[in-house]
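Colleague: I have not looked at this one before. Can you walk me through it?

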Amino acid sequence: MNRKFWIGTLAAAFLISLGWGFNEYRLAGEYRLVAENNNHRALTDFASHLDQLETDMAKGDVVSNSNQKILYLSQVSSKSDAALKDFAQIPAEQVGLSYLGQFLTQSGDFARTLAQQVASGGSISTEEEKTLRDMHERLVPVNQKVQDIMTRMDSENLAWTNPAPTIRQRLGFGGPQVAQAAADGSEVSAKSVRSGLDQLDASLQKLPPFSYTGEYASRVVPKPLGLPSGEVTRDKAQAVVRDFLGKVGYPNATPKFSGESQGALGGYMWKYKEADLEVSHQGGVITFYRDQRSIAPKTLSIEEASNKAKQALQTLGWQLALTSSEDFGSYVQFDAVVEKDGVRIYPDKVRLMIALDNGQLVGLDAAPYYSFHHSRTFPAKITLEQAVRKLRPNFQVIEGRLAVIVKSGNQEVYSYEFRGGYQGEEYLLYLNASTGAEEKIQRIIKTPRGEYLQ
Amino acid sequence: MKIRVKSWGSILAIGLIISIALSGIAYAALGDRLLGKGSKGPEVTELQKKMAQLGYGVGTIDGKFGSTTEAAIKRFQKDHGLRVDGLAGTQTIKELKRLTAQSTNASGKAVGYKNIDTNLLARCVNAEARGEPYTGQVAVAAVILNRIGDPAFPKTVADIIYQPQAFSSVNDGQINLPPSASALRAAQEAVSGSDPSGGAVFFFNPAKTKNKYIWSRPQIKQIGNHMFTK
């Protein structure tokens, strides 16, 4: 009796676990299939967009009518965006800088720049035509290689990523791993989709970069233009920090050295109580200050805080105009820019944070200012009245001024800035100051934190 | 007779209290009354929803003002320069309503929250840099935005965050945790242009990473436990 009972219970438990296991297995299979389908969609779409990109590039080259040219060049840029999006979804072992991604971004970027050029009545130079042709030349083998991977997917049942190395390989008995071979760029037949793409990446890496003007033309951060000359020592930097802290309400501070930073605006990093500061190696100026002290209940309005910001700028020796504010609750963030001879120079920006409990400066970011500030010479300009006449009818101008703005790719444009209303919306319109051509439009949105430009 | 009057009076008083309390429950709108520990009702639910929207975790949204809600209110008050008392009074509710309102265009028409990317960015910051100094959180958000500006990466916040193997928090599902108030603020600050990372496109924890590729990148600076690199 007892024995029968136990056998029965065990059999029932076994059957239940078997059923449960099968159900889990089936569910896992379904999930795997969903993921697999998604990967296939991404890869197929990638190959298809690459193919269309290649065709549109060829058409964009041959076409002579400028309207058609704009059409094909725009298609090149949208197809390259789409291909990049698909490419970013294909399974990978790790993420790094991708030359294939860079190539796609740059060809789309270049085509967009050319399309805009033609759209605004310009023409394409022989040199630009050659660059476009070179890009096409480079794209053809990329397209072939991806289609080859697609074919092998069907015939050889390629995996998405390389399997982890086996114990034998780890001990050094196996042949060269595909990933290593991919890094060398050697033509070992890839064992997975990813290693095939990695080989493609390595082959693109060897080719010289394109030279053209556009948003993503170069990824090298230019040398900072606004830093004073001469390297400073750590002791000098500490003196700069002490002086700065004295001016923002921490007299006789003893900042502690907390490390160095590298790069364009590299410098000495300091810590004092809950504040972090950075002084540039070159020129010895404060590029960053952030005080994380706890802030007591607010006593100041935003207007009062903006006066405090102006005072702080004066104390620190900056002559800048406040342009916008953003309310973060216990502190307000202000942007201040250089205003010279009535021209607002937006790239030369300093950001300040004012605590609303006592008006103390709790944040300063001068990195944009030191990166971009330099003396500029302005070309001849049309008058304000002439510029106003270029605006669309019924655009009600609230204010107009001269400004230097940044367009894509760190290009500066000398322009007229018009703030005004149209159909219940408010906009900032920027017209090129020399030609009157429309350069940029920004829509003004009022968010709970302040105005936002979209 | 005297006793009768007294009991009538007390019945009236009780009736009045009950009817006020009932009307409070039936027609309550957030801001009509002071809410504190022990308060219940639909306006507490509304309060909790708004708190959660701003990243102040209130636990389950159950319409009960408990100690979690009180702690969240205190943190909200601290961050927004209000008197820290843990009670949702006029000032606190006004600020809460203002911050959770939609954005408007110049003529006052609501045009949505305008923070679609900021929210995902904040989730990533929350998952990747929880417990890091605030500046380090802004820097993590800035890294994602710097990738948009770099030709070698995809061009939208979602494409970058969900790129396979790009962020460990996507692999282990931490990306789906609701973002904290500090992560939301850090994301907001990065979106409005701050970059304490100095133009970095990668970051890693030197104590936990052996990946050769990431160690080979030119280092910019260390903030908290994260090394930021080109």
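Colleague: How many helices and strands does chain B have?
Modeller: This is a predicted model. In it, chain B has 10 helices and 3 strands.

Colleague: What pattern do they follow along the sequence?
Modeller: Chain B reads α-α-α-α-α-α-α-α-α-β-α-β-β.

Colleague: And what share of chain B is buried?
Modeller: Of the 230 residues in chain B, 39% are buried.

Colleague: Switching to chain A. What does H3 of chain A span?
Modeller: Helix H3 of chain A covers residues 99-119, which is 21 residues. From first C-alpha to last it reaches 30 Å, close to the 30 Å expected at 1.5 Å a residue.

Colleague: Why is H3(A) described as largely enclosed?
Modeller: Because 16 of its 21 residues are buried, H3(A) is largely enclosed by the rest of the structure.

Colleague: What comes just after H3(A)?
Modeller: Gly121(A), which has a positive phi of about 90°.

Colleague: Now the two chains together. How many residues are in contact?
Modeller: 51 residues of chain A contact 42 residues of chain B.

Colleague: Which elements of chain A give two or more residues to that side?
Modeller: Helices H2 (66-87) and H3 of chain A do, along with strands S4 (286-291), S11 (425-432) and S12 (438-447) of chain A.

Colleague: How do the residues on that side of chain A divide?
Modeller: Into 20 nonpolar, 17 polar and 14 charged.

Methods:
Residues numbered from 1 in each chain as written. Chains lettered and ligands numbered in written order. Predicted model: local features only at pLDDT ≥ 70, side-chain atom pairs only at ≥ 80, totals over all residues. Helix = DSSP H or I, 4+ residues; strand = E, 2+ residues; numbered from the N terminus. Buried ≥ 20, exposed ≤ 12 C-beta atoms within 10 Å, placed from the backbone. Expected span 1.5 Å × (residues − 1). Contact = placed C-beta atoms within 7 Å. Nonpolar A, V, L, I, M, F, W, Y, C, P; charged D, E, K, R; others polar.
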